[in-house]
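User: I want to go through the labels on this model and see what each one rests on. Please give the cut-offs as we go.

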Amino acid sequence: MPQGPRRPARTARVAAVLLAAVLSLTAAPATAAEDTLPATPSGSRASVPLRVATYNIHAGAGEDQVFDLDRTAAALRNLRADVIGLQEVDVRWGERSDFTDEARALAEKLRMRVFFAPIYDLDPAAEGGERRQYGVAVLSRHPVLHAENHEITRLSTQTPDPVPAPAPGFAEIVIRVKGVRTHVYSTHLDYRADPSIRAAQVDDMLGILADDRGPSVLVGDFNAEPAAPELAPLWHTLRDAAPDAGLTYPAIAPQKRIDLITVSDGITVTGARTHATDASDHRPVVADLRLPRKDR
């Protein structure tokens, strides 16, 4: 995972409001979940459908290590999701992804809105060039009311003798789905065998989610399976939405389930699955949800 020096740390709970950074495009109708989920027996819609997905896109390179963003977009399109959390997203990062702004390019290909939350933000490769960024993103068919790039504990892979410190790259968007205000988060947790950084990241994320009002969905590459001790605190607040959906890593002959969709109390999960594709070194996960609608 290519990473660069972190920016000066701020507190993990404080992040600038970045709604202006959300790219709003002509979005396709948000009908994916609604087309597949029935109304309540009475005929009224006491809950609201939402199809959510997560995908570590491996910077647009497939299991074959070939960069092909059209292939990535096709895999995402096949999910027919309303909201998609992405990890390992390059924005003019380097030659491996042809210095492409992957967040913008995928949003344009899928006719979705996107919020990109850089983990790393480096100087241009050449004078006069654009900044090189790497991080996570959220694609949405629904209008984005609010977006933030939160900080959580990280350990840089490129800084000599790194120490754990707050750094950005925990994306949050707030969307309104048929009147239901919903928080969606995309995360990418530390990959090292030592679980201590992931444990700190889980604590940081839960602290941020504690401020939520209404339904919350947290997706991402957790680099740990659900039963891992460092993830245990999550399950006091959230629920694994896809325990039987299948393994996710590596994409070919997967052996682990480390790409997760988790939901807060009150959200009903009506189905979940992984999608077999070699467009990345991970498989995407998609879940059909029903969001609780409060009586007015």
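User: Why does Y134 count as buried?

Analyst: Buried means under 20% relative accessible area, exposed over 50%, partly exposed in between, with a 1.4 Å probe and protein chains only. Y134 has 0% relative accessibility, so Y134 counts as buried. This is a predicted model: local features need pLDDT of at least 70, side-chain atom pairs count only at pLDDT 80 or more, and totals for chains, interfaces and linings use all residues. Residues are numbered from 1 along each chain as its sequence is written, and side-chain values use heavy atoms, with hydrogens and water left out.

User: Is W93 buried or exposed?

Analyst: The relative accessible area of W93 is 5%, so W93 is buried.

User: Why is the pair of W93 and Y134 called tilted?

Analyst: Rings of Phe, Tyr and Trp (its six-membered ring) pair if their centres lie within 6.5 Å; planes under 30 degrees apart count as stacked, over 60 as edge-to-face and the rest as tilted. The W93 and Y134 centres are 5.6 Å apart and the planes stand at 55°, so the pair is tilted.

User: What does the pair of W93 and Y134 tie together?

Analyst: W93 lies in the loop between β2 and α3, and Y134 in strand β4, so the pair ties together parts that are 41 residues apart in sequence. Helices (H or I, at least four residues) and strands (E, at least two) are DSSP runs, numbered from the N terminus. Ring pairs also link Y120 with W93 and Y134 into a cluster.

User: What makes R132 a charge over the ring of W93?

Analyst: The test is NZ of Lys or CZ of Arg within 6 Å of the ring centre and within 35 degrees of the ring normal. The charged end of R132 sits over the W93 ring, 4.8 Å from its centre.

User: What makes F170 and Y185 a stacked pair?

Analyst: Their centres are 5.1 Å apart, with 20° between the planes. The pair links strand β6 (residues 165-177), which holds F170, to strand β7 (residues 180-188), which holds Y185. F170 has a relative accessible area of 0%, so F170 is buried.

User: How do you know that β1 and β12 pair?

Analyst: Two strands pair if DSSP finds at least two bridges between them. β1 (residues 47-56) and β12 (residues 285-292) pair over eight bridges, in the antiparallel sense. P49 stands opposite R290 in β12.

User: Why are β3 and β11 at the edges?

Analyst: The open sheet of six strands runs β3-β4-β2-β1-β12-β11, with mixed pairing. β3 (113-122) and β11 (268-274) each have a single partner strand, so one side of each is left without a neighbour in the sheet.
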